[in-house]
Amino acid sequence: MNNMEYYKVFYHVAKSGSLTVAAKELNISQPAVSQSIKQLEGALGTKLFTRVSKGVRMTGEGELLYRYVAKGYEQIELGEQKLEQMLNLELGEIHIGASDMTLQFYLLPYLEQFHEKYPHIKVVVSNATTPETLNNLNENKIDFGVVSTPFDNEAGLKTVNVREIEDVFVAGRKFIQYKNRMLDLQELEKMPIIFLEGATSTRSYMDAFLRKNHVEIQPEFELATSDMIVQFALRNLGVGCVIRDFAKEYLEDGRLFELRFNMIIPKRHFSVVTNPRNPLSAAARNMLELLY
């Protein structure tokens, strides 16, 4: 028996004041308890208990030691309880990286399901672009990310495609002359285009696609969110480029229409991305099981 086990026996004897009770709590024999106390007293060079009619009583030295041992042992017990709760999904945190788009059109219902099933797990969602989310994953700031393809995966991240998405150009009644026509991509150069701003996967993808097809566009507006692009298109301020989900309601009720081209814009995906080098908690693993 090592010193930690001796202190464990000491704690139970001191707390109960009985060798018999301590033996039952520890599921060992009473002689084994007595022997452990003798070994500890020998190692420390002092008497820790004296016998009384109904068990044992701590000496002054024993009381001093117990004040410190109790704090440490109870913290260990608490740590074990918390760990068990975490493994049983009664405690813990998940950190997820997601953009407005992936959160709104993919992740949100799964977060709702997870919260209903595991109400005591705290879920923290870091709202960021795909490049920022990948960087946070590489720096172990999040457990996993939900991003849109394509993206640079030089770091060897594990990627699982979970939903198909489609980029479209939408417009309102001011541009009705383009409705139900099969257009060349080059005709976009004549239109006031509304794009996302900055380093987003959506903007990078569309820039690359148009460049590949020899289309040069100087956007009329560059906005922070796809929701704003839709609002600008509804007000006839230009032709907006968004994934179809953002404009679905307005396409269905006729307030916006989708431009058609003789060149298909390849579909993309929402992907769940994890870093194989970062260990995942039980809570994060269970969340991923929902997503996959």
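Predicted model: local features only at pLDDT ≥ 70, side-chain atom pairs only at ≥ 80, totals over all residues.

Student: What separation do the C-alpha atoms of N3 and Q39 have?

Tutor: Along the chain N3 and Q39 are 36 residues apart.

Student: Are helix α2 and helix α3 roughly parallel or roughly perpendicular?

Tutor: Two packed helices are described by the angle between their axes together with the distance between those axes. For α2 (residues 19-26) and α3 (residues 30-44), the axes come within 8 Å and cross at roughly 105°. Angles of 65 to 115 degrees count as roughly perpendicular, so α2 and α3 are roughly perpendicular.

Student: Which residues of α2 and α3 meet, and how many of the residues in this contact are charged?

Tutor: From α2 come L19, T20, A22 and A23, and these meet Q30, V33 and S34 of α3. Sorted by class, the contact holds four nonpolar and three polar residues, while the number of charged residues is none.

Student: Where is N27 found, and is N27 buried or exposed?

Tutor: The phi of N27 is near 60°, a positive value in a residue that is not glycine. N27 sits in the loop between α2 and α3. Its relative accessible area is 71%, and since the cut-off for this class is over 50%, N27 counts as exposed.

Student: What is the phi of H214, and where is H214 placed?

Tutor: H214 is exposed, at 65% relative accessibility. Although H214 is not a glycine, its phi is positive, at about 60°. The place asked for is the loop between α7 (201-212) and β10 (221-223).

Student: Is the peptide bond from T149 to P150 cis or trans?

Tutor: P150 is found in the loop between β5 (144-148) and β6 (158-165). The bond leading from T149 to P150 has an omega near -5°, and the bond is cis.

Student: How many residues lie between β1 and β2 in their hairpin?

Tutor: Strand β1 (residues 49-52) and strand β2 (residues 55-58) run antiparallel and are joined by four bridges. V52 stands opposite G55 of β2. Between β1 and β2 of the hairpin, the number of residues is two.

Key:
Residues numbered from 1 in each chain as written. Heavy atoms only, no water. Axes fitted to C-alpha atoms, helices over the stretch in contact; angles between N-to-C directions. Parallel < 35°, antiparallel > 145°, perpendicular 65-115°, else oblique. Contact = heavy atoms within 4.5 Å. Nonpolar A, V, L, I, M, F, W, Y, C, P; charged D, E, K, R; others polar. Buried < 20%, exposed > 50% of the residue type's maximum accessible area, 1.4 Å probe, protein only. Pairing = 2+ DSSP bridges.
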